[in-house]
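We will go from the whole chain to single residues.

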Amino acid sequence: VVTVLESLDFSPELFDSDGVALGPLAIADPRPVLNNDVVTTELVVSNDGNVPMQFVVQAFSSQNTWPIQISEGSDVQSEEIALDIPAGAFSTVTIVTIVPPAADMGVSNTITIRTTLADGPTVTNATRLVVQEIATLDLSWNATMAIALGIPGTANIQAHNTGNVVLGI
């Protein structure tokens, strides 16, 4: 006789808007933001168990002036949302915050997300946003240029602003 027991395994993981995993807050780099930025963080909750599970996801901001909105599909809430996830499936929750126009350079805000299994454990994830400017430029060009002696030549140089501020070149 083989008896299959109930498995309530689940895993919540945070990603930035580009789909890059953020990892644990203690070792993750802060995310640079600018004033008036709309910052998106995605929480993927995976039901790794063998039964349907109900979750409550809550998002909190360490700065009261940075508003938070949490959504899953078309369901949009302010700070808390309920999820029903079938066995072996996952659900993506989007957490959006707006950087206030008056936020000072260097101010940080920790977005804390708690995922609670109904009548079960809670897992806490977080990401830190820091108001800062990053001015970086990536240049690329063809290293070889064929020209005749005495004739002026031209080369194409591609400049890509990889930072988060406008650069005057």
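Start with the whole chain. Residues 24 or more positions apart account for 69% of the contacts with a separation of 6 or more; contact means heavy atoms within 4.5 Å. This is a predicted model: local features need pLDDT of at least 70, side-chain atom pairs count only at pLDDT 80 or more, and totals for chains, interfaces and linings use all residues. Residues are numbered from 1 along each chain as its sequence is written, and side-chain values use heavy atoms, with hydrogens and water left out.

Switch to cartoon. You will find 0 helices and 12 strands; helices (H or I, at least four residues) and strands (E, at least two) are DSSP runs, numbered from the N terminus. The radius of gyration is 23 Å, well over the 15 Å that the globule rule gives for 169 residues, so the protein is more spread out than a compact globule. That radius is taken over C-alpha atoms, and the rule is 2.2 Å times the number of residues to the power 0.38. Along its principal axes, the C-alpha trace spans about 90 × 50 × 30 Å.

**First stop: the antiparallel sheet**

Select S1, S3, S8, S5 and S6. In that order these 5 strands form an open sheet with antiparallel pairing; two strands pair if DSSP finds at least two bridges between them. S1 (10–16) and S6 (75–77) stand at the edges with a single partner strand each, so one side of each has no neighbour in the sheet. From one strand to the next, the twist averages 20°. Axes here are lines fitted to C-alpha atoms, for helices over the stretch in contact, and angles run from 0 to 180 degrees between N-to-C directions.

Now zoom in on S3 (residues 38–47) and S8 (residues 90–98), which pair over 9 bridges. Pick Val39: its bridge partner in S8 is Thr97.

**Second stop: the mixed sheet**

Select S2, S10, S9, S4 and S7. These 5 strands, in that order, form an open sheet with mixed pairing. S2 (31–33) and S7 (80–85) are the edge strands, each pairing on one side only. Here the twist averages 25° from one strand to the next. S2 pairs in the parallel sense with S10 (residues 122–131) over 3 bridges. Click Pro32 to find its S10 bridge partner, Val130.

**Last stop: Thr115**

Go to S9 (residues 108–117) and select Thr115. Is Thr115 buried or exposed? Its relative accessibility is 0%, so Thr115 counts as buried (under 20% relative accessible area; exposed is over 50%, partly exposed in between; 1.4 Å probe, protein chains only). Beyond its neighbours within four places in sequence, Thr115 is in contact with residues including Phe10, Leu43, Phe55 and Val123.
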